[in-house]
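Here is a short report on a single protein chain. It moves from the overall fold to helix packing and then to local geometry.

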Amino acid sequence: MHRLFLIFIFNIIIFKNLLAVNILPIPQSIDFDRKKALLGKELFFDVKLSIDETISCATCHNLKEGGDDGLQFSVGVKGAVGELNAPTVLNSVFNFRQFWDGRAKNLKEQASGPIENPIEMAHNINDLVYKLKNSDYYSKFFSVYKDGVTKDNIADALAEFEKTLITPNSRFDKYLLGDENSITEYEKEGFELFKNKGCITCHHGINIGGNHYNIFGAIVDVKSINFGRYNITKNENDKFYFKVPTLRNIELTSPYFHDGREYSLKDAVKTMALVQLGRPMQEEEIDKITAFLKTLTGKLKIIE
């Protein structure tokens with residue numbers, strides 16, 4: 001009875017929200033400080049940021065493969081395995097918060113997290129500052145920042161580079177901008193289903209997600225062992241709430257969900273229809289929505 005009531009309420013929310021939500025195309029460019037971004041790019045690919053110099057930011061965020069690592073859980077220094085699926089770094093500048101639990105309010109706050117995380121890079125930030133000061137980064141930082149190498153400046157440079165990692169010109173963005181032939185009729189039908197079935201209720205805006213939290217398993221218990229936002233707030237009402245992920249470049253970012261439980265995009269759509277919408281779909285509907293999602297792959301241009 002409780003589940004049926006939730007489905008009824010959720011359908012009302014879907015109907016009301018369909019009138020208010022939309023998807024926006026990614027802009028062709030974004031304002032950024034070029035000198036800071038180029039320094040951040042060098043840091044992003046440098047294994048010096050990890051304690052044993054074995055991994056870099058790019059290890060878990062492969063920019064040529066969707067901005068993540070294709071693993072259920074990322075592997076840090078000394079083979080340490082994380083507990084959450086690495087989200088894509090692409091278009092992360094458009095997220096309202098960073099990390100699945102939203103603990104970082106922006107890219108700069110996020111940037112220093114993996115460096116000191118014991119199961120990621122496991123570095124002491126003060127030791128890293130000392131290491132970089134005694135390398136060729138010493139002069140490079142002073143050419144950009146008047147106070148040279150500091151914890152704040154390391155995070156700032158990384159964030160400035162990550163800000164540039166946007167992927168405009170997806171086929172669907174071209175469609176939004178007026179090119180009716182950029183997606184097929186089949187894919188257009190998938191977009192209509194995406195809207196009418198209620199997916200757009202959570203996945204909308206410029207990042208088609210990434211702009212609010214939602215409970216994972218709204219209708220059906222998904223048996224998540226991670227409590228999401230609750231881990232940060234300790235508020236019982238926040239249990240199993242996670243930042244809604246972006247759907248940009250989704251065909252490239254398998255496996256899916258915070259725990260990487262689904263490797264197939266089609267299976268991920270099927271799971272969402274059941275556990276979030278309470279509306280199991282026919283195979284053809286799943287196929288059409290999946291086809292639409294593949295039109296969201298954009299083009300990344302890394303600064304030189």
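## Contacts and overall fold

In the protein chain, 69% of the contacts with a separation of 6 or more join residues 24 or more positions apart. Contact means heavy atoms within 4.5 Å. This is a predicted model: local features need pLDDT of at least 70, side-chain atom pairs count only at pLDDT 80 or more, and totals for chains, interfaces and linings use all residues. Residues are numbered from 1 along each chain as its sequence is written, and side-chain values use heavy atoms, with hydrogens and water left out.

The protein chain has twelve helices and two strands. Helices (H or I, at least four residues) and strands (E, at least two) are DSSP runs, numbered from the N terminus. From that end, the order is α-α-α-α-α-α-α-α-α-β-α-β-α-α. The radius of gyration is 20 Å, close to the 19 Å that the globule rule gives for 304 residues, so the chain is as compact as a globular protein of that length. The radius is taken over C-alpha atoms, and the rule is 2.2 Å times the number of residues to the power 0.38. The C-alpha trace spans about 60 × 45 × 30 Å along its principal axes. Of the 304 residues, 51% are buried. Buried means under 20% relative accessible area, exposed over 50%, and partly exposed in between (1.4 Å probe, protein chains only).

## Helix packing

Helices H4 (residues 107-116) and H7 (residues 151-163) pack at about 115 degrees, with their axes 8 Å apart. That makes H4 roughly perpendicular to H7. Axes are lines fitted to C-alpha atoms, for helices over the stretch in contact, and angles run from 0 to 180 degrees between N-to-C directions. Angles under 35 degrees count as roughly parallel, over 145 as roughly antiparallel, 65 to 115 as roughly perpendicular and the rest as oblique. The crossing of H4 over H7 is right-handed, meaning that the near helix is turned clockwise from the far one by less than a right angle. Contact residues include Leu107, Ala111 and Ile115 of H4 and Ile154, Leu158 and Glu162 of H7. By class, the contact holds seven nonpolar, two polar and seven charged residues. Ala, Val, Leu, Ile, Met, Phe, Trp, Tyr, Cys and Pro count as nonpolar, Asp, Glu, Lys and Arg as charged, and the others, Gly among them, as polar.

H11 (residues 265-275) and H12 (residues 283-293) pack at about 120 degrees, with their axes 9 Å apart. H11 also passes H12 in a right-handed crossing. H11 contributes Leu265, Lys266, Val269 and Lys270, while H12 contributes Glu283, Ile286, Asp287, Ile289, Thr290 and Leu293. Five of these residues are nonpolar, one is polar and four are charged.

## Two tyrosines

Tyr213 sits in strand S1 (residues 213-215). Tyr213 counts as partly exposed, at 23% relative accessibility. Tyr241 is 28 residues away in sequence, yet 6.1 Å away C-alpha to C-alpha. Beyond four places in sequence, Tyr213 touches residues including Phe96, Arg229 and Tyr241.

Tyr263 lies in the loop between S2 (241-243) and H11. Beyond four places in sequence, Tyr263 contacts Gly70, Gln72, Ser254, Pro255 and Tyr256. The Ser254 to Pro255 peptide bond is cis, with omega near 0 degrees.

Most residues other than glycine have a negative phi. Glu53 has a positive phi of about 55 degrees, in the loop between H2 (34-44) and H3 (57-60). Lys223 also has a positive phi of about 55 degrees, in the loop between S1 and H10 (230-233). Glu53 is partly exposed at 42%, whereas Lys223 is exposed at 65%.
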